[in-house]
Amino acid sequence: MSDDDDLLADLARVLGRVDPPPDHVREAAAAAIELRAFDAELAELLDEAGDLADAGVRSADLAEPMVFEVGDVVVEVEVVGDELHLQVAPTAVTAVVVRAGSGSAEHTTDDLGRLSVPVPDERPIRFELDVGGRRVVTDWVVV
Amino acid sequence: MPDAATDLVTRARAGDSAAWEQVVERVRNGDRAVWEALVERYTSLVWSVARGFRLADADAGDVHQTVWLRLVEHIERIREPARLPGWLSATARNECLRLLRRQGRELVDDEPEAEGGSAEPGPEELVLNDERDAGLWRAFAALSARCQQLLRLLVLEPELPYADVAETLGVPVGSLGPTRSRCLDRLRSSAEVSRIRSAGT
């Protein structure tokens, strides 16, 4: 066992030197706490991933939207080319802020809750919605 | 002398579950010092999971940032503070899988790198002026993705419960012991390492 421990200790030293997280990555994470959305309901990303993979669905066949959900509010997001297609339910004109990194852009869905916006340059992104006076934010995602 | 926040996170990591509860409670209350100490201590874990999926710099950075931003919003929902490291590694894994899937890529689990990629001596070896360390790095880079992921977790977070390790790797808990032995044997018996080691002693 102690041979294993020695080997793991050597490996720890090597990995620590070869591939440490870059400073800018560490600093961005430290600043992440500033983006906390107070007084908002969190629409969680439903995990389409594991389930479909377990079912033997190949990644190439997947064109499924990401689905975020809290209570009766559902946000579906599909990446189509260089655009994001959103479908918000309940369907109504809804104000949507697309936040990407340090930037954000304000949009409004049509009266059927639909919205198409360009894929932001920065990642990750999240959506901040005003749903009939309720403030809803989605999980952050990499698109 | 470490500051109070770093000390708290250090105690938590050593297995003090009351300290973990304090860490989560303080982050909930917006304690920036504790948050930064938490990021400082666990950034390597999240980064390493992303690297274990062979993500390049930009993608690994995006996954890393996603995991920490997620935690900011999920901190109210962490029910078992002591399992936060497991939450971080599992969330990192899920985001890596999502990214790979969206890029139409899949992780090849059990085949050693046959060509290109990390098996090639890369610029990272420039920082390893020690022959023996360079040999160990080459041997590690030639292991299967699963071996690399497991060994990274064992090295970085020896305290991580096996259940969390298994979840991060997406394998049954019972397979970890045998896999660990197999991966370490491969690493050790790699011709590169033996050669360098015998030459060095």
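In what order do the elements of chain A run from the N terminus on? In this predicted model, the order is α-α-β-α-β-β-β-β-β-β-β-β. Of its 143 residues, 27% count as buried. Among the contacts in chain A that link residues at least 6 apart in sequence, 49% join residues at least 24 apart.

Helix H2 of chain A, spanning residues 23-31, was examined for the placement of its side chains. Its buried residues are A:Val25, A:Ala28 and A:Ala29. These residues lie on the same side of H2(A), because they cover an arc of only 100° around the axis. A:Asp23 and A:His24, by contrast, are exposed on the other side of H2(A). The cover over the buried residues of H2(A) includes two elements of chain B, namely helix H3 (32-52) and helix H4 (57-74).

The contact between the two chains takes 35 residues from chain A and 41 residues from chain B. On the side of chain B that touches chain A, at least two residues each are supplied by H3, H4, helix H5 (84-102), helix H6 (131-141), helix H7 (145-156) and helix H9 (176-189) of chain B. H4(B) provides the largest share of this side, with 11 residues. By residue class, the side of chain B that touches chain A consists of 19 nonpolar, 14 charged and eight polar residues.

Terms used. Residues numbered from 1 in each chain as written. Chains lettered and ligands numbered in written order. Predicted model: local features only at pLDDT ≥ 70, side-chain atom pairs only at ≥ 80, totals over all residues. Buried ≥ 20, exposed ≤ 12 C-beta atoms within 10 Å, placed from the backbone. Helix = DSSP H or I, 4+ residues; strand = E, 2+ residues; numbered from the N terminus. Arc of directions from axis to C-beta. Contact = placed C-beta atoms within 7 Å. Nonpolar A, V, L, I, M, F, W, Y, C, P; charged D, E, K, R; others polar.
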